[in-house]
Amino acid sequence: MIKRAISSIALALGLAVATIPALANEGGEGLAPAGTNVADRASLQRGAKLFFNYCVGCHSLKYVRYSRLASDLGLSEEEVMTNFNFTGAKFGEPVISHMPADDAKAWFGKDPPDLSLEARAKGVDFIYNYLNSFYLDPSRPVGWNNTVFPNASMPNVLWELQGLQTAVHGEAAPGQEAAVEKLEITTPGRMTPEQFRGATRDLATFLEYTAEPAALERQSIGVWVILFLAGLTFLLYLLKHEYWKDVHDSH
Amino acid sequence: MANVFSNIAGWVNERAPGLAPMYRKHMTEYYAPKNFNIWYYFGSLALLVLVNQIVTGIFLTMNYKTSALEAFNSVEYIMRDVEWGWLIRYMHSTGASLFFVVVFLHMFRGIMYGSFKRPRELVWILGMLIFLVLMAEAFMGYVLPWGNMSFWGAKVIISLFGTIPFIGDALVQWIMGDFLPADATLNRFFALHVIALPLVLLLLVVLHLAALHEVGSNNPDGVDVKHGPKGNRWDAEKPADAIPFHPYYTVKDLFGTGFFLTIAAFIIFFAPTFGGWFLEHDNFTPANNLVTPSHIKPSWYFTPFYAILRMIPSFFGTAIWGVIGMFGAILLLALLPWIDKGEVRSVRYRGLGFRIALAVLVVSFLALGLVGAGVTAELIPAWFPHADVTTWENAFGRLMVLGYFGFFVFLWVYTRFGFEKTKPVPERVTMHD
């Protein structure tokens with residue numbers, strides 16, 4: 001009996017350990033960890049504020065309703081409708097950007113993507129690193145380039161906060177373009193680099209939430225479900241032990 | 001109260017006298033060897049997951065929209081606006097992956113303890129048919145959310161049929177109902193996933209259990225309890241080393257169920273995408289026939305077979321050899337009862353050669369899974385920065401293909417020509433706790 005208990009525990013541990021590399025694999029390679037915490041409501045609110053000040057002009061969140069934002073972020077209907085809603089949409093309607101699609105194509109060469117699921121499609125680490133990696137590049141149509149997503153069509157809309165970043169190029173191999181070695185802030189913005197990293201972390205947190213609003217509920221319920229199941233499993237073990245007494249005694 | 005129940009039981013029994021004997025045959029008087037170990041939980045767990053898939057699947061269909069235009073949005077609607085929709089969907093998606101975990105372990109148990117051998121060949125064949133239908137079921141289910149990996153996965157898998165000489169291209173169009181995976185494909189896959197294949201699956205599961213209960217369960221010692229001494233506490237004619245399935249194995253399986261559900265709940269509530277293995281990042285982007293994902297790969301449970309397909313090169317101007325290899329890998333498993341001629345069932349009393357070969361099979365299968373999932377393509381440049389990735393991946397992958405098929409060749413030679421030195425099998429089953 002003890003041996004079986006040990007082997008069950010070993011199996012459980014084995015399965016748990018097996019999940020570690022799988023979970024560690026979540027982000028992309030070479031990206032700094034975003035360090036988001038979707039349960040941090042203050043961070044979510046700051047992220048939402050940034051999103052509605054800087055992003056929603058071009059990007060929609062077509063799967064996110066204003067009403068859901070209010071209840072999940074702990075804001076009142078009035079707060080959401082006055083601060084976040086610039087399009088006259090109803091409280092129960094989703095967040096759709098005002099930018100006409102045809103103009104977007106003309107201005108940026110493509111439609112700015114809907115960002116509802118961006119954090120699940122690309123990962124929060126990608127979003128965080130991407131927002132920190134814009135640099136001035138006069139050769140690009142909008143004057144900006146990005147080391148995480150080279151030749152992105154998007155300009156750095158957060159430049160007022162971050163300041164102007166320029167690339168320091170390494171030595172070019174013959175016949176090739178010089179690679180970007182590092183990025184430097186040449187004109188400071190309204191935020192210190194530390195503050196700006198915090199702000200982009202908040203934005204990544206907000207997009208992590210919009211990609212899966214159920215994440216908030218899921219983790220808080222999950223603790224109780226697992227405690228219940230663990231207790232039930234223990235009782236079932238005792239039941240099994242009781243029934244099997246005579247099988248073990250009889251041999 | 002007790003009187004009411006016995007009245008109802010009597011009323012039913014009078015009208016359906018066959019029910020009670022059937023219950024006794026499969027539950028209270030189904031005598032199973034008393035020495036089942038941890039490997040014997042996976043059969044009942046597979047049944048549990050099947051029920052989970054059917055029940056959660058029914059609720060998903062209530063809000064899912066079968067249309068290339070609406071499918072992706074409807075899945076997000078389930079995740080956000082349907083009450084508890086996220087939980088139902090995660091139970092279904094996690095259940096699909098755990099179904100394969102459980103089934104792989106269940107099959108491995110059968111190989112390890114020789115459960116496929118005479119007289120249980122039919123049980124094994126029916127099990128292999130279940131595995132085949134399950135793979136088709138999982139593949140079609142994966143297409144339904146109509147994410148970008150759904151689309152490209154469907155395109156790649158269906159195009160395998162295009163390698164068949166002469167009729168290939170026409171066959172691919174016939175399967176898809178279009179020149180690309182499209183609305184017609186989605187609709188027929190929905191029909192097959194939701195009604196046709198589940199019906200076949202249920203029928204096969206009933207037959208699998210019926211065939212098993214006809215011959216009786218094997219056990220970790222591979223001893224025939226039916227041929228051992230007779231007489232136990234419940235019946236003088238039944239095997240001495242067997243116990244009634246109910247209540248002994250029902251309570252034991254309940255404990256296994258609790259343990260399994262705890263692990264499943266951990267995944268569902270804390271890691272539903274399982275780091276991109278159970279729900280892939282690229283599938284959170286809607287299907288787009290103009291944007292190819294950077295790495296097209298099937299779900300993790302298909303990766304060993306997918307690797308066999310990729311590792312076998314095309315020659316004589318056709319790529320069909322990889323497809324033959326992939327299906328051959330499954331067919332060989334089904335033929336095990338005739339490939340393995342050994343008399344001793346359980347690995348406990350088999351020769352050293354069998355143990356080594358079994359280990360090689362497991363290692364090759366897992367390694368092929370890594371190759372198919374693209375893990376080796378990432379690890380090789382990380383570990384050996386100057387190595388040529390394709391050359392090394394092909395060399396490693398082909399070695400593992402050799403390992404997988406080598407198991408079957410070795411096993412036949414080893415048992416057919418009497419090279420195996422087995423240990424004496426005990427008369428009675430052994431208990432280890």
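At what angle do helix H11 of chain B and helix H12 of chain B pack, and how far apart are their axes? Before the answer, some ground rules. This is a predicted model, in which local features need pLDDT of at least 70, side-chain atom pairs count only at pLDDT 80 or more, and totals for chains, interfaces and linings use all residues. Residues are numbered from 1 along each chain as its sequence is written, while chains are lettered from A and ligands numbered from 1 in the order in which they are written.

Now the pair itself. Two packed helices are described by the angle between their axes and the distance between the axes. H11(B) covers residues 303-311 and H12(B) residues 320-334; they pack at about 150 degrees, with axes 7 Å apart. Axes here are lines fitted to C-alpha atoms, for helices over the stretch in contact, and angles run from 0 to 180 degrees between N-to-C directions. H11(B) and H12(B) are therefore roughly antiparallel, a term for angles over 145 degrees. H11(B) brings Phe305(B), Ile308(B), Leu309(B) and Arg310(B) to the contact. H12(B) answers with Gly322(B), Val323(B), Gly325(B), Met326(B) and Ala329(B). Contact means that C-beta atoms, placed from the backbone, lie within 7 Å. Six of these residues are nonpolar, two polar and one charged. Ala, Val, Leu, Ile, Met, Phe, Trp, Tyr, Cys and Pro count as nonpolar, Asp, Glu, Lys and Arg as charged, and the others, Gly among them, as polar.

Turn to chain A. It has 10 helices and six strands. These are DSSP runs, numbered from the N terminus: helices are H or I with at least four residues, strands E with at least two. Of the 251 residues in chain A, 27% are buried. Buried means that 20 or more other C-beta atoms, placed from the backbone, lie within 10 Å of the residue's own. Helix H7(A), residues 124-132, is mostly covered, with nine of its nine residues buried. Those residues pack against H6 (118-121), strand S4 (144-146) and H9 (193-211) of chain A.

Where do the chains meet? In the model, 38 residues of chain A are in contact with 34 residues of chain B. On the chain A side, H1 (2-24), H6 and H10 (214-249) each supply at least two residues. H10(A) gives the most, with 18 residues. This side of chain A divides into 22 nonpolar, nine polar and seven charged residues.

Last, confidence. pLDDT is the predictor's confidence in each residue, from 0 to 100. Its mean for chain A is 87, and 87% of the residues reach 70 or more. Over residues 19-28 of chain A, pLDDT stays under 50.

Key
Parallel < 35°, antiparallel > 145°, perpendicular 65-115°, else oblique. Contact = placed C-beta atoms within 7 Å. Buried ≥ 20, exposed ≤ 12 C-beta atoms within 10 Å, placed from the backbone.
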